[in-house]
Amino acid sequence: MTTRRNTLLTAASLAAAGLTAGPARAQSFPDRPVRLVVGYPPGGNVDFTARLLQPAMSQALGQQVMVDNRAGAGGIVGTDLVAKARPDGYTMLLTGTAPVSIFPVAMAHLPYDPLRDFAPIGMAYRVPIVMMVAKDITTRTLEEFVARAKATPGGMSAGTAGIGSGAHLAIELFNAGTGAGLVHVPYRGTGPALNDLIAGNIPVVFDQLSSALPLHADGRARIIGIASASRSPLLPDVQTLREAGLVQAELSTTLGYLAPAGTPAPVVQKLAAALAAALADPTVRERLTSLGATIPPASDITPAYYDRVIRDELDIYREAVRLGNVKLE
């Protein structure tokens, strides 16, 4: 009887320890460096953002945030790595739009599910997609541009960084909303598309604002439309796509932080608080806003808000994929 009683007491003690271990670990988190996976090589906008926010996030957490570039398959390799990582808060992901909002609706087989396999931490910022025209295109308004596109025999060509990019899907939504009939021309990246635009080899390119701003500023090309909720303070004279009649007119490159599903909520909240602290840093804010980024208010740098953003973007891009019959391998 005594042996049985001791066994039951031991089991109860272990169970109680298990119940308190999670909160205790969350309270002491982090007690070692945190790995931040970036699914792209060094030098791109996601890697740039990771390294820009890294010092302030490290300071807020009291531990070093270590950037780990795991490039491959357009961000899928790094994203899948985090989806399968231990859910303890010591591995997180900084991602762009494609791995979590476009690939899941445009690819038949993906090794992760963006809603099932991740715990959102918070959105860092958005950079809206813009329409740029070559400098010899004389139309000044979106209405004039749409009329000219409709009158172009065979349709007006519009370049993007590639098939299935956010810019490509923006063209599909633009065509559906305006009847412009733009013909998508995919390039192997942003650089070649913009070079052809500057040379006058293609009349229109859709790209993100940060890439387009320098060309607009020095007159090598001209931004005539922006896919944001309101006009950009950097381009107050440029119309929004909503002003051209598009119902779905908010399209952007969205960057945000994710943890593996099952990461304890208090740990996720600590990571979100560190992100909010980093985005409140004046140097960080000035650098991002100068590139056309829209940083959410502090009250929206939360797991719940970023979760809604991902779900909304999945719906938007699912419709764009359907309209363009886009299929990615």
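Q: Let's begin at the tail end. Where does N325 lie?

A: N325 lies in the segment after helix 11. Helices here are DSSP runs of H or I with at least four residues, strands are runs of E with at least two, and both are numbered from the N terminus.

Q: Before I forget, what kind of model is this, and how are residues numbered?

A: It's a predicted model, with residues numbered from 1 along each chain as its sequence is written. Local features need pLDDT of at least 70 and side-chain atom pairs count only at pLDDT 80 or more, while totals for chains, interfaces and linings use all residues; side-chain values use heavy atoms, with hydrogens and water left out.

Q: OK, back to N325. What's its phi, and is it buried or exposed?

A: Phi of N325 is near 50°, which is positive in a residue other than glycine. N325 counts as exposed, at 55% relative accessibility. The cut-offs are under 20% relative accessible area for buried, over 50% for exposed, and partly exposed in between, using a 1.4 Å probe and protein chains only.

Q: Which other residue has a positive phi near 55°?

A: A73, and it isn't a glycine either. A73 sits in the loop between strand 2 (65–69) and helix 3 (76–83), and at 54% relative accessibility A73 is exposed. As background, most residues other than glycine have a negative phi, and most peptide bonds are trans.

Q: Speaking of which, where's the cis peptide bond?

A: Between F29 and P30, with omega at about -10°. P30 is in the loop between helix 1 (2–28) and strand 1 (34–38).

Q: Now zoom out for me. How many helices and strands, and what box do the C-alpha atoms fill?

A: There are eleven helices and ten strands. The C-alpha atoms fill a box of roughly 95 × 40 × 30 Å along the principal axes. Of the 329 residues, 49% are buried.

Q: How do strands 5 and 6 run, and what joins them?

A: Strand 5 (residues 157–160) and strand 6 (residues 183–186) run parallel, joined by four bridges. DSSP has to find at least two bridges between strands for them to pair. G159 has V185 in strand 6 as its bridge partner.

Q: And which way does the chain cross over between them?

A: The chain goes from strand 5 through helix 6 to strand 6 in a right-handed β-α-β crossover. Right-handed here means that, with the strands pointing away from the viewer, the path from the first strand over the helix to the second runs clockwise.

Q: What about strand 5 and strand 7?

A: Strand 5 and strand 7 pair in the parallel sense too, over two bridges. A158 is partnered with V204 in strand 7.

Q: Last topic: how many salt bridges?

A: 13, counting a side-chain nitrogen of Lys or Arg within 4 Å of a carboxyl oxygen of Asp or Glu. R318 and D315 make one at 3.0 Å, N to O; both are in helix 11, three residues apart, about one turn of the helix.

Q: What about D117 and R116?

A: Their side chains meet in a salt bridge at 2.8 Å, N to O. D117 is buried at 14% relative accessibility, whereas R116 is exposed at 56%.
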